[in-house]
Amino acid sequence: MSQDTEVDMKEVELNELEPEKQPMNAASGATVAAASDAEKNGLVKIKVPDNEAEEAKFTGLSKEELLKVAGSPSWVRTRWVLLVLFWLGWLGMLAGAVVIIVQAPRCRQLPTQRWWQKGALYRIGDIQAFQAQEAGKLTGLTEYLDYVSTLKVKGIVLGPVHNNQKDDLAETSLQQIDPAFGSNKDFESLLQSAKKKSIRVILDLTPNYRGQNSWFLPTQVDTVDTQMQAALKFWLEAGVDGFQVRYVENLTNASTYLAKWQNITQNFGEDRLLIAGTDSSDLQQILKLLNSTEDLLLTSPYLSSAGFTKEHAKPLVTEYLNAAGNHWCSWSLSQAGLLTSFVPASLLRLYQLLLFTLPGTPIFSYGDEIGLEAAALPGQPAEAPVMLWNESSFLSTSRPSSGSVSANMTVKGQDGIPGSLLSLFRQLSGLRSKERALLHGDFHALSSGTGLFSYVRQWDQNNRFLVVLNFGNVRVPATLEADSLPSSASLPAKAELLLSTEPGRKEGVSLELQQLNLEPNEGLLFSFPSVA
């Protein structure tokens, strides 16, 4: 090996000898000699190049070589093909997106809704009877706001609670709380507590609520109007969300005054409400009051009139809706009374379902959620009944009762019990305040069997609802005919049963709509998706 190619040598010691090659024990001299021989035999010197373990380094193509390859015809064609494919793919995806957007159903523009259009209202006409205390005041009412919140209502209609000397206009002050109920400061405190719980407060300002004529004498109407305008402004400044006046059929030129008072509330803020109540069930008189001003809610006994029977439910409701036109409706059975005063107990659940699912604002009185019944002494007009919070509620007052009270008649006895009237009220109120089809959806009545009233509520691509009500006292098949419905509101073959007003039905299951049979006084609520 020449000197130019010679590399440094490394010694590699082979320390491990095979067992059969290791020296045997002997005398010391022999041992030393053997060890010496073993040392000589176990050492081997070999030459290993330093750069043998180094990996070969790839330096790549030079710039000139890369340019030469990139400029070759084959690579030029390849680049052009890839570029064309990229842009074709991009344009294809863009065209597909445009087609999807164009063909997709367009969403309807959501209507502007006021707070009173988004849920039910809850009337507390007699705050002492509501608290089941003879000396119940506004301060005590604050403790019941948590319960009102569980009902999922949007506001309470309170009072009247102003100072009213019976039939004495000079001694009546619409701006002063009657000392029997508390003070103006107590009322303002109640307002603040209610607002913290997102509960609006509507104040009943019916002037002569303790007297024979709610509006005093006809010759005093101008003085009443002056006091009313001042009171509206006073309580609006205090934070009231709206007002109610009742028995407007006794108010001379009611339409004129309602329009004037509505202007005051609306000028203060568009979210202020005016409710008018009448004892008239005549549709023409009701429409005259409705047309007097925009955004007026009107309560009346229209749905509890003698003509509202199982055969006339559909025509009466549809006639009212068609006559009202674009005017927002409200639904109740009277301007102040309880449901039990107008319908038998067997129909309470059905009427709750009806009022909560019609297009408009449902208005209830305290106690409607548990089926509270009014009571009267013989020969005396019915007083506001004591709210049955528990079995002993009526014992704390001197008001008349309808007899003994069982647990299932009270709030305590119905609270949290599946199938109770209170649970049904809460369930329907929750649906009414969150489902768009029930909030502001279209209304389409269906042709159905004898004694049945059925309709569809729908809004755009949201879940739709089918309501079927049996006002009769016999079991009947539901022959639902959707021929009169627009194509956008067609019925499916099956729909999910959300609830029944009668026990025994399994909820949450899908039922054949053409094979329905309803029990006496039963109402069914179905849900089904929209079809694009």
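Visitor: What describes the packing of helix α10 and helix α11 in this model?
Guide: In this predicted model, the axes of α10 (residues 283-290) and α11 (residues 313-324) come within 11 Å and cross at roughly 30°. Axes are lines fitted to C-alpha atoms over the stretch in contact, with angles from 0 to 180 degrees between N-to-C directions. Helices (H or I, at least four residues) and strands (E, at least two) are DSSP runs, numbered from the N terminus.

Visitor: Which residues of α10 and α11 meet?
Guide: Contact means heavy atoms within 4.5 Å. Leu 283, Ile 286, Leu 287 and Leu 290 in α10 meet Glu 319, Tyr 320, Ala 323 and Ala 324 in α11.

Visitor: Why is Thr 410 called buried?
Guide: Buried means under 20% relative accessible area, computed with a 1.4 Å probe on protein chains only. Thr 410 has 0% relative accessibility and therefore counts as buried. Thr 410 is placed in the loop between β12 (361-365) and α13 (411-414).

Visitor: What does the side chain of Thr 410 reach?
Guide: At 2.9 Å, that side chain reaches the backbone nitrogen of Gly 413.

Visitor: What makes β13 and β18 edge strands?
Guide: The open sheet has six strands in the order β13-β14-β15-β20-β17-β18, with antiparallel pairing. β13 (442-446) and β18 (510-512) each have a single partner strand, so one side of each lacks a neighbour in the sheet. Two strands pair if DSSP finds at least two bridges between them.

Visitor: How many bridges join β17 to β20?
Guide: Four bridges join these antiparallel strands; in β20, Leu 525 is the bridge partner of Leu 499.

Definitions and conventions:
Residues numbered from 1 in each chain as written. Predicted model: local features only at pLDDT ≥ 70, side-chain atom pairs only at ≥ 80, totals over all residues. Heavy atoms only, no water. Buried < 20%, exposed > 50% of the residue type's maximum accessible area, 1.4 Å probe, protein only. Polar contact = N/O pair within 3.5 Å; in protein donor to acceptor, adjacent residues only side chain to side chain.
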